[in-house]
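Colleague: Hey, can you walk me through this one? I'm new to reading structures.

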Amino acid sequence: MSMNKKTIEDIEVTGKRVLVRVDFNVPQDEHGAITDDNRITAALPTIQYLTGKGAKVILISHLGRPKGVTPKYTLEPISIRLEELLEQPVELLDEDYGIEVAEFIDNMENGQVVLLENVRFHPQEEANDPEFAKRLSMLGDIYVNDAFGTAHRAHASTEGVTHFLPSVAGFLMKKELDYLGSALDNPKRPFIAILGGAKVKDKISVIKQLLTKVDKLIVGGGMAYTFQKAKGYEIGKSLFDASNLEFCKEILATSGDKLILPVDAIITDKNPFDVGQEACETKTVSVTEIPADWEGADIGPESVKLFAEAISGAETVVWNGPMGIFEYSKFADGTIGVAQAMADSHAITIIGGGDSAAAAQKLGFSDKMTHISTGGGASLEFLEGKELPGVAALQDK
Ligand code: AMP
């Protein structure tokens, strides 16, 4: 399936005020410095196409989860980074989106770019308030959604505004949907998915959905221990989701040899989040030999080998979620191993955003992957087969 939505190439944009919803929700350090500008660079093709066509580009984004106007969450550092990347001025406009902002926009030159202050300074944004969406819409002639990372939320700037303006997709949105969509609907086989992270609960629908599509489903990370428990193994103090034990049993009983689970684990006597990793004693054991007072914190080397073999034989690999508590180096080898195997593979490799994307980036594997999604939550919902409200609201081709 490639995307059946209109894009910026399907409409006339020259001289128009084009409202572009981008996802500039970038990570920052404690001083507000941007630590990863991937989401900004990913939006450049859309912005540059529009400026090249002589559109007036009005960018909208959120940052963080502010409660009302919160200086900490200003988009100022982002407007500065964007100026550097675009090599042209980017005016940051007031959060009131009122008369002065409207006048500024009316006086923009063709090809000029402005950024509106954090849209989540307004509680009406997340409430998808129609009055607020209408106010936003009055700042533009056309609406473009390029914020894949926010497309699973029906907010005023992702969904509400589409009721008032002709609405199309940007290039990043199209790229994300094309990669994820063709991997799911028309994958080169063997097709393998790898899931990790903490909670089974968050991934039930994605497990169900993926099992109907993939040749192999690898489950690692904290969520694997509920499956190990379902097999009857002692998992000690490892993460356990009792309410989904039956679900895991059912999946084990019905998935045949599609499901691949870790065979060994790096276990620890303490949790590194509680005491720091230096205080953690570690051992490598088979998953059948976890002592009652220890917890599994990473997949072990035999599991990495097993997963890497599966990955090397695949033609399409989709990965979401770390294999262990990768925030600490003692428990990051499993996640590094999976990223390395994907980087070494000739397959179409797609990372579904979030922690696994951050890990791949940090390890320097980014340009070895076919596609790294800018949206963790959005790509998970897409993999679940859900319709994303921010996409559904755009005009069909
Ligand atoms: P999620 O948000 O569900 O993708 O989970 C990401 C989190 O899972 C990261 O913060 C990891 O530290 C955590 N995680 C992964 N494996 C384990 C594990 N074996 N035990 C505890 N936490 C884990």
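This is a predicted model: local features need pLDDT of at least 70, side-chain atom pairs count only at pLDDT 80 or more; totals for chains, interfaces and linings use all residues.

Colleague: OK, which domains is the chain divided into?

Modeller: The assignment gives domain 1, residues 8-171, and domain 2, residues 178-383. Their centres, taken over C-alpha atoms, are separated by 35 Å.

Colleague: And how many residues of domain 1 are in contact with domain 2?

Modeller: Nine residues of domain 1 are in contact with nine residues of domain 2. Between them the two domains bury about 700 Å², with 57% of that on carbon and sulfur atoms.

Colleague: Where does the kink in H1 lie?

Modeller: At Leu44, shortly before the proline Pro45, and the kink is about 40 degrees. After the helix comes Gly54, with a positive phi near 80 degrees.

Colleague: Which residues of H1 are buried?

Modeller: Among them are Ile40, Ala43, Leu44, Ile47 and Leu50.

Colleague: Hmm, what do the buried residues of H1 pack against?

Modeller: Quite a list: strands S1 (17-21), S2 (56-60), S4 (113-116) and S5 (142-145), plus helices H2 (76-86) and H6 (171-185).

Colleague: New topic, the nonpolar core. Which residues touch the most other members of the largest one?

Modeller: Leu116, Ile207 and Leu217 do, out of 59 residues in that core. Both domain 1 and domain 2 give residues to this core, so it lies between them. There's also a second, separate core of 28 residues, including Ile47 and Val113.

Colleague: What is Leu116 in contact with?

Modeller: Skipping neighbours within four places in sequence, its contacts include Ile58, Leu59, Ile60, Tyr97 and Leu139.

Colleague: Last one: is Gly170 buried or exposed?

Modeller: Gly170 is buried, with a relative accessible area of 0%. You'll find Gly170 in the loop between strand S6 (167-169) and H6.

Colleague: Which residues does Gly170 touch?

Modeller: Not counting residues up to four places away in sequence, Gly170 touches Ile8, Thr46, Val144, Asn145 and Asp146.

Conventions
Residues are numbered from 1 along each chain as its sequence is written. Side-chain values use heavy atoms; hydrogens and water are left out. The bend at a residue is the angle between axes fitted to the seven residues ending there and the seven starting there. Helices (H or I, at least four residues) and strands (E, at least two) are DSSP runs, numbered from the N terminus. Buried means under 20% relative accessible area, exposed over 50%, partly exposed in between (1.4 Å probe, protein chains only). Contact means heavy atoms within 4.5 Å. A nonpolar core is a set of buried Ala, Val, Leu, Ile, Met, Phe, Trp, Tyr and Cys residues joined through side-chain atoms within 4.5 Å. Domain bounds come from an automatic or database domain assignment. Buried area is the accessible area (1.4 Å probe) that two parts lose on being put together, summed over both.
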